Amino acid sequence: MTVLAVGAVAAPVAAAATQTADATSSEICDPTSGLPLPSIPSMFEPASPPAADIEALTWLLLGICAAIFVVVQAALVHAIVKYRAGRAAVDRDGVPGEPRQVYGSNPVELAWTVIPIVIVFVLAMTSVRLIRDIERTSPPEGALAVTVIGHQWWWEYRYPELGIVTANELVVPANRPVWLELHSADVNHSWWVPQLSGKKDCIPGHTNVLWFEAERPGVFLGQCAEYCGTQHANMLLRVEARDDAGFDAWVRGQQSPPASDDDEEVLRGREVFLALACQACHDIAGVSEGAFGPNLTHLMSRSTIGAGVAPLDRDTLRQWIDDPQTLKPGCNMPSLELDDAQLDAVVAYLATLR
Amino acid sequence: MTTLPTTPAETVADRRAEPLSARLHLWAITVDHKRLGIMYVLSGLVFFLVGGLEASAMRAQLARPGNDLVSPEVFNQLFTMHGTTMVFLVGMPVLLGMGNYLIPLMIGARDMAFPRLNAFGFWLFLFGGLLLYYSYIGAQGLYGTSAAPDVGWFAYAPLTDRTFSRGNSTDYWILGIMVSGFGSIATGANLVATILCMRCRGMTLMRMPLMAWMMLVVGVLVLTALGPLTAAQVMLLFDRNLGAHFFDPQEGGSAILWQHFFWFFGHPEVYILILPAFGFVSEIVPTFSRKVIFGYPLMVAATVGIGFISLSVWAHHMFAVGLGPVLDAFFSAMTFMIAVPTGIKIFNWIGTMWGGRIRFASPMLFATGFVAMFVIGGLTGIMLAMVPFDWQVSDSYFVVGHFHYVLFGGTIFAIFGALHYWYPKAVGRMLNETIAKWSFWLLFAGFNLTFFPMHISGLLGMPRRIYTFQPDRGLELWNLLSTAGVPLQAAGVLLIVWNLLRSHRKGAIAGNDPWDAWTLEWATTSPPPEHNFDEPPTVGSRRPLWDLKHPEDPDGRYE
């Protein structure tokens, strides 16, 4: 039985390792941004110093624990096999007599008290040291500051130095540290992109900080890791690390006002947006000032909708506005029951927000 | 010197002659620790089946990504009720109930110290549990529908605030658990008083069975840990219903305060759930290895040590909260430290088996399975104490795998071992050994198939408590395997239930001491008479029945 358990440990870990190895060899590219997309965005493919440190630590820990596991289970299996009573002895009447009674042994018990103490002492010191190495209390030099605000069930990102407000997709420059300040607008959330760093909770009334530095351009995926209500499962995270030129272009795009379009349907869509409840929740620079839902000023610069629940295109946008509850049941955006003409107009308007 | 009076045969036949209503009435008004213990275990097992059904529904939903078998709302209720049920309505009552049944017999007492308080505690637990489940019918959730609580078993603020949890399902969670918690506090006090004051002549503290030591520490932990939870629940009730703001950050309260309160209860709670299991295994392993427990004094010291250290490790549930490097380091170190006494226990059990003559009857199978599985849960626990690693896997399926190895592979396996071991004592008949072995192997295979892959899905980035998972993240296979283990486990559990039911009538007659064991409970009849022993026994060592069976070589001279 225990031999099986040993195999059970080794096989999946090896399989996981092979899978991650495959991921690096066959890179897939994100359709909208063209950035490389890993097949398994896990902590075993770190792309940032904190995540790399933790990955190294993980293999060390797995190694130590596997060694202890093997020693203990081997002792157990040995005892089971060697000291198992024969069939005759199972019958109570046939017991030939009791084995020698051993009440304890001071040297042996001392050994299996002291050796574990030494092991956990070393582990505790490693833990203390790595906490200090990874957790920073002040921003790294030259870091880009971003404020993260968790909402039920989407992410708001503010770049105070750049005057940018966006939602759900964090765009950062590669090879430059990023300093996140984590807040929540409602309940607890947790920001977790395994390839970039460990997770950190977003707690109302409590400011947390987290840093990472993407070592290469790419798309890094994660999701909210603290249960936050109905749609916790679809509170997805997406970080795009771009090269300097790409990031500068993105910043310029976000800082410019959305292009205006004089198309009749677009204007009608804008009227619908302002006349109905849309504007009460959504902020569009120069148009509306809602703060409850995601900022839509440059909606179409993003590649997903509903905090990652679907890829963003005109079809999903229309479906979303028609009834968000089909794509993300329980989310806080209601269906406004627009007729087809209104839907077409609103979609036409939102599609101009690039 | 050990003296053991004989007890007259039970008057079972007389009782069977009475009408059913009279017999049920006797159960309802009883203050007998044995009847209360049996009722604890039976109601705990019923809740176990309910909690298992909830888990099965969750695994069915997570068999593949994007499944829509249950809605997000229902899924969130399922994991909340599953966790709450398994901790408060299965683990606690079954373990405290077994303590209730066994402790007076093991220490040679007539009953618990406070029999009426004992009955009060049981009925509070049962009605607390029923109140929680009444939420499925009576609570109001969103849109006027009925709703079970959906805030998770640790009910983090401010999700529990009226703003985010409308209706009254969260109030059902608070009240159900609070009521059953009062029952647990009563039982905890009773256990401590019984063990300290009711031991028979000759049974010094250092001659108690290890199980009694474990239950003593459990009693102290219940008294220490349940109070803060109850207090926090009262505050939460005030927040929700009287406009207080203890946990409401928008009005100056603190959301993190709830986490401290909850885990100050929640971590000792883990040891409340595992120490009795250690106790069962410490009784079963010597009996079936035919050897005295190895290193009794060190086992006692390790138990007491765990009791103390378990009160200062709670914030290891909160490494991602951002408590700062100093607190993170402290709780990390304390958590590593608790691994030492826990390791000692594992080594001492293996030391007991070493050189023995091991019979693998069903109780020993479960006990050995416990040791093997608990080692895995303990090692992943050590990994989780490493703070930076925890930052990655905290709140992921790695943690779900970890604590199921501790609480299912650990506690539940030990409970099943204990059921197979003491069922003959409580019922007077043996369980069917063939069925028992089938149920063990089915459970063992199904358990590992379900819970081992969870470590991997967690390492690959799957958070817990999500009703669906993303298809592009390498999680499909591991989730499918986890689901595939469910039917095996269900078959194992149903076989056990069937065995318990059928052996009640059909099992072979057990006799007083079917396992050739050494502790006092095997000296009386099976089932024991209402007063346990005709005359209070006197013991001269840790193994009074060994002394009787081997007068030429009594234990006392080695202790």
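Two strands pair if DSSP finds at least two bridges between them. Helices (H or I, at least four residues) and strands (E, at least two) are DSSP runs, numbered from the N terminus. Residues are numbered from 1 along each chain as its sequence is written, while chains are lettered from A and ligands numbered from 1 in the order in which they are written. This is a predicted model, in which local features need pLDDT of at least 70 and side-chain atom pairs count only at pLDDT 80 or more, whereas totals for chains, interfaces and linings use all residues.

**Exercise 1. Describe the partners of strand E12 of chain A and say how covered E12(A) is.**

Step 1. Begin with strand E11 (residues 218-223) of chain A: E11(A) pairs with strand E12 (residues 236-242) of chain A in the antiparallel sense over 6 bridges. A:Gln223 stands opposite A:Leu236, and A:Gly222 stands opposite A:Leu237.

Step 2. Next comes strand E6 (residues 169-173) of chain A, which pairs with E12(A) in the parallel sense over 5 bridges. Here A:Val171 has A:Glu240 as its bridge partner.

Step 3. Check the burial. A residue is buried if 20 or more other C-beta atoms, placed from the backbone, lie within 10 Å of its own, exposed if 12 or fewer, and partly exposed in between. In E12(A), 7 of the 7 residues are buried. One face holds A:Leu236, A:Arg238, A:Glu240 and A:Arg242, the other A:Leu237, A:Val239 and A:Ala241.

Step 4. E11(A) is mostly covered too, with 6 of its 6 residues buried. A:Gly218, A:Phe220 and A:Gly222 lie on one side, and A:Val219, A:Leu221 and A:Gln223 on the other. For chain A as a whole, 43% of the 354 residues count as buried.

**Exercise 2. Work out how helix H11 of chain B lies against H8(B) and H14(B).**

Step 1. Take the axes, which are lines fitted to C-alpha atoms, for helices over the stretch in contact, with angles from 0 to 180 degrees between N-to-C directions. Those of helix H8 (residues 255-289) and helix H11 (residues 362-385) of chain B come within 9 Å and cross at roughly 125 degrees. That makes H8(B) oblique to H11(B), given that angles under 35 degrees count as roughly parallel, over 145 as roughly antiparallel, 65 to 115 as roughly perpendicular and the rest as oblique.

Step 2. List the residues in contact (C-beta atoms, placed from the backbone, within 7 Å). H8(B) gives B:Ala277, B:Val281, B:Ile284, B:Val285 and B:Phe288, and H11(B) gives B:Pro363, B:Met364, B:Ala367, B:Phe370 and B:Val371.

Step 3. Turn to H14(B). The axes of H11(B) and H14(B) come within 10 Å and cross at roughly 10 degrees, and the two helices are therefore roughly parallel to each other. Among the residues that make this contact are B:Phe366 of H11(B) and B:Phe440 of H14(B).

**Exercise 3. Is B:Trp518 buried or exposed, and which residues does B:Trp518 contact?**

Step 1. Locate B:Trp518 in the loop between helix H15 (476-506) and helix H16 (544-549) of chain B.

Step 2. B:Trp518 counts as buried because 26 C-beta neighbours lie inside 10 Å.

Step 3. Leaving aside neighbours within four places in sequence, B:Trp518 is in contact with B:Thr287, B:Arg543, B:Leu545 and B:Trp546. B:Arg543 is 25 residues away in sequence, yet the C-alpha to C-alpha distance is 5.1 Å.

**Exercise 4. How many residues of chain B are in contact with chain A, and which helix gives the largest share?**

Step 1. 79 residues of chain B are in contact with 81 residues of chain A.

Step 2. H10(B) gives the largest share of the chain B side, 15 residues.

Definitions and conventions: Contact = placed C-beta atoms within 7 Å.
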